[in-house]
Amino acid sequence: MPDAAADTTVIKLRVNGRDVAVPAADGDRSLLEVLREDLTLTGTKYGCGEGECGACTVLIDGRATRSCLLPISEVAGRTVTTLEGLGSAANLCALLVPVEAGGRGGTRLDLFKVVEAIGRGDGSAAWCVSACNTVTYTAYMGLGPEGRREVFGHGPVAGWTMFAPRTLSTPVDGGFRISGKWSFSSGVDNADWMLLGVFFGPPSGGSPIPDIRYVMLPKGDYKVIDDWFVSGLRGTGSKGIVVEDAFVPNHRICGLADMIQGKTPGSQIHDSPLYKASVWGIIPFTISSPANGMARGGLDAFLEDMKVREGSYDHSPLANKPGMHLVVAEASAMIDSADLLYRRSFRETIDKIMAGEPLSLEHRARSRRDQGWSVMQAKLAAEKLFSASAGRAIYEGNHVQRACADLHALQGHIVAGWEMPAYSYGQVMLGGQPSDAFT
Ligand code: FES
């Protein structure tokens, strides 16, 4: 009887948790080609086709690998995870959503650990997991029963984001009509739903901020613009979208004011104090959570390279140069100290919320300072590694370069920057009010 395991006519591998067999005669085809054409896993993109841009990155046995030049024969017996696998098979996009609603019922700490681990291999994937969980959690908490049923009642959800409000709405019977253009829609190609920030009116009722609400739009109610040609976080596919006169029923709208006050519909069906906390106490931690993993991934790549690299002229090992030792010590100390500061604030915030203690202005200002500081230190550490890597690091495929570019992009996010929370911390400590809207 033929031994199935010894069948040499096919190449066997596991993709997103299922067994796949490819004819051995196709062994020279690239993994990317098989993923996109045979398995229709089009979340993995064709970019340069030369192993440099990173658009085709997948995880092979948990390690980020370019798939465009990799023959399928070299993947025999291995485990491949694509973006679709991160979002659906593992349902990592609804990590914070309760199990009974189709999520994984994880904690904030679980999410941080997952994002950090993914960021070590791929900064873009880490950003997508962090952003998508922010959306699914916001939608789960912010929508009433009808909206929750519609969004979460049909299996795993990949919801993605453009939080910043971009357009005005027009009230109609049963809801609103919206039109407009939004940029930075992370992960839009893989989204089942988009969560969009919309202006519903000017400040009123003593509130200093306008009436901003978040609406859920299903795939098909928006057009994607292919405009994501950027230097950092390239693999997030954060393209623009256009909405033309789409109807949004009332039950698919969440109010920002409710979320700031912790008075969402979701807070009424869950006992945990975490569900009743203000979003601004928590979400900025999630936004800045990929930074540490990105910097550690850059350090991993730097160490791997320097252990074997030689000087171009004297061919002496770079691992013997005192300058390299100093770079390794300084960059790793910066990453570790950023990590410790972030974790301290994060844990103290969760502990206070769970104990039912209010988050004081001083605590919130310090948390924002620590988030901004940890992202900045991670970025500076990556810059140090990039500079010490010399000319080789400018190639697009260099992981140190990519970690550095990804951290620059992350720090450009309005919530992950340094100056705003820094000024606000100083303002609060000197008896004033914070100018940072997220404190
Ligand atoms: S398409 Fe593979 S690295 Fe660009």
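**Ground rules.** I'm working with a predicted model, so I took local features only at pLDDT of at least 70 and side-chain atom pairs only at pLDDT 80 or more, while totals for chains, interfaces and linings use all residues. Residue numbers start from 1 along each chain as its sequence is written.

**Helices 4 and 7.** I looked up how helix 4 (residues 123–142) packs on helix 7 (residues 279–288): the angle is about 155 degrees and the axes are 8 Å apart. That makes the two roughly antiparallel (over 145 degrees). For contacts (C-beta atoms, placed from the backbone, within 7 Å), I found Ser130, Asn133 and Thr134 of helix 4 meeting Ile283, Thr286 and Ile287 of helix 7. I count 2 nonpolar, 4 polar and no charged residues there.

Next I traced a sheet of 5 strands in the order 2-1-5-3-4, with mixed pairing (two strands pair if DSSP finds at least two bridges between them). Strand 2 (18–23) and strand 4 (63–66) are the edges; each has a single partner strand, so one side of each lacks a neighbour in the sheet. Neighbouring strands are turned by 40 degrees against each other on average, direction ignored. I then checked strand 3 (residues 57–60): 4 bridges join it to strand 4, antiparallel, and Val58 has Thr65 as its bridge partner.

**A hairpin.** Strand 7 (residues 169–172) runs antiparallel to strand 8 (residues 175–185), with 4 bridges. Pro171 is bridged to Phe176 in strand 8. I see 2 residues between the strands of this hairpin, and Gly174 in the turn has a positive phi of about 80 degrees.

Technical notes:
Axes fitted to C-alpha atoms, helices over the stretch in contact; angles between N-to-C directions. Parallel < 35°, antiparallel > 145°, perpendicular 65-115°, else oblique. Contact = placed C-beta atoms within 7 Å. Nonpolar A, V, L, I, M, F, W, Y, C, P; charged D, E, K, R; others polar.
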